[in-house]
Amino acid sequence: QVQLVESGGGLVQPGGSLRLSCAASGNIFIIYDMGWYRQAPGKQRELVATIISGGSTNYADSVKGRFTISRDNAKNTVYLQMNSLKPEDTAVYYCKARIGTPQLMAGYIYWGQGTQVTVSS
């Protein structure tokens, strides 16, 4: 019943900005940690940023200082503000969340379908 839907991807020139959103819906009791991963052609999926329910964050070294992760608990939504984008940021970006349901309070892991980000001049 739980679903994650990403939005906000697109084509942008180097140095530009995008904001990704991931909204969770369904039979949600509580959302624990949420995060963003990305996968470029020919590469493995990698962690971009995570945020826990208390607000603590961590970032991959490659995006630190350029990307900011945040969440709106009332809307069950996590965001990724992406500034100073580089061609090497081009990838499919996936939302991931551990979400507790009435059936399993400790939570299941859920993945979104991904949104394409392309940085090119």
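Modeller: Residues are numbered from 1 along each chain as its sequence is written. In this predicted model, local features need pLDDT of at least 70, side-chain atom pairs count only at pLDDT 80 or more, totals for chains, interfaces and linings use all residues, and side-chain values use heavy atoms, with hydrogens and water left out.

Colleague: In which order do the four strands of the open sheet stand?

Modeller: Strands (E, at least two residues) and helices (H or I, at least four) are DSSP runs, numbered from the N terminus. Two strands pair if DSSP finds at least two bridges between them. Strand E1 (3–7) and strand E7 (67–72) are the edge strands, since each pairs on one side only. The pairing is antiparallel, and the order is E1-E3-E8-E7.

Colleague: How many bridges join strand E3 to strand E8?

Modeller: Strand E3 covers residues 18–25 and strand E8 covers residues 77–82; the two run antiparallel. Within this pairing, Leu18 stands opposite Met82 in E8. The number of bridges that join E3 to E8 is six.

Colleague: Which residue in E3 is the bridge partner of Val5?

Modeller: E1 and E3 pair in the antiparallel sense over five bridges. In E3, the partner of Val5 is Ala23.

Colleague: Is Ser21 buried or exposed?

Modeller: Ser21 lies in strand E3. Its contacts (heavy atoms within 4.5 Å) include Val5, Trp36 and Tyr79, not counting residues up to four places away in sequence. Buried means under 20% relative accessible area, exposed over 50%, and partly exposed in between (1.4 Å probe, protein chains only). Ser21 has 15% relative accessibility and therefore counts as buried.

Colleague: What class does Gln81 fall into at 27% relative accessibility?

Modeller: Gln81 lies in strand E8. Residues up to four places away in sequence aside, Gln81 touches Ser17, Leu18, Arg19, Arg66, Phe67 and Thr68. Because its relative accessibility is 27%, Gln81 counts as partly exposed.

Colleague: With which side chain does the side chain of Gln81 make a polar contact of 3.0 Å?

Modeller: A polar contact is a pair of N or O atoms within 3.5 Å; within protein, one must be able to donate a hydrogen and the other to accept it, and residues adjacent in sequence count only if both atoms are side-chain atoms. The side chain joined to Gln81 in this way is that of Asn83.

Colleague: Which backbone oxygen lies 3.0 Å from a polar atom of the side chain of Arg66?

Modeller: Arg66 is placed in the loop between strand E6 (57–59) and E7. At 11% relative accessibility, Arg66 counts as buried. Among the residues that Arg66 touches are Gln81, Met82 and Asp89. The backbone oxygen in question belongs to Ser84.

Colleague: Why is the pair of Tyr108 and Tyr110 assigned to its class, and what is that class?

Modeller: Rings of Phe, Tyr and Trp (its six-membered ring) pair if their centres lie within 6.5 Å; planes under 30 degrees apart count as stacked, over 60 as edge-to-face and the rest as tilted. A search of the whole structure finds two aromatic pairs. In the pair of Tyr108 and Tyr110, the ring centres are 6.2 Å apart and the planes stand at 65°, so the class is edge-to-face.

Colleague: Over which ring does the charged end of Arg45 sit, 3.7 Å from its centre?

Modeller: A charge sits over a ring if NZ of Lys or CZ of Arg is within 6 Å of the ring centre and within 35 degrees of the ring normal. The charged end of Arg45 sits over the ring of Trp111, 4.8 Å from its centre. The ring at 3.7 Å is that of Tyr94.
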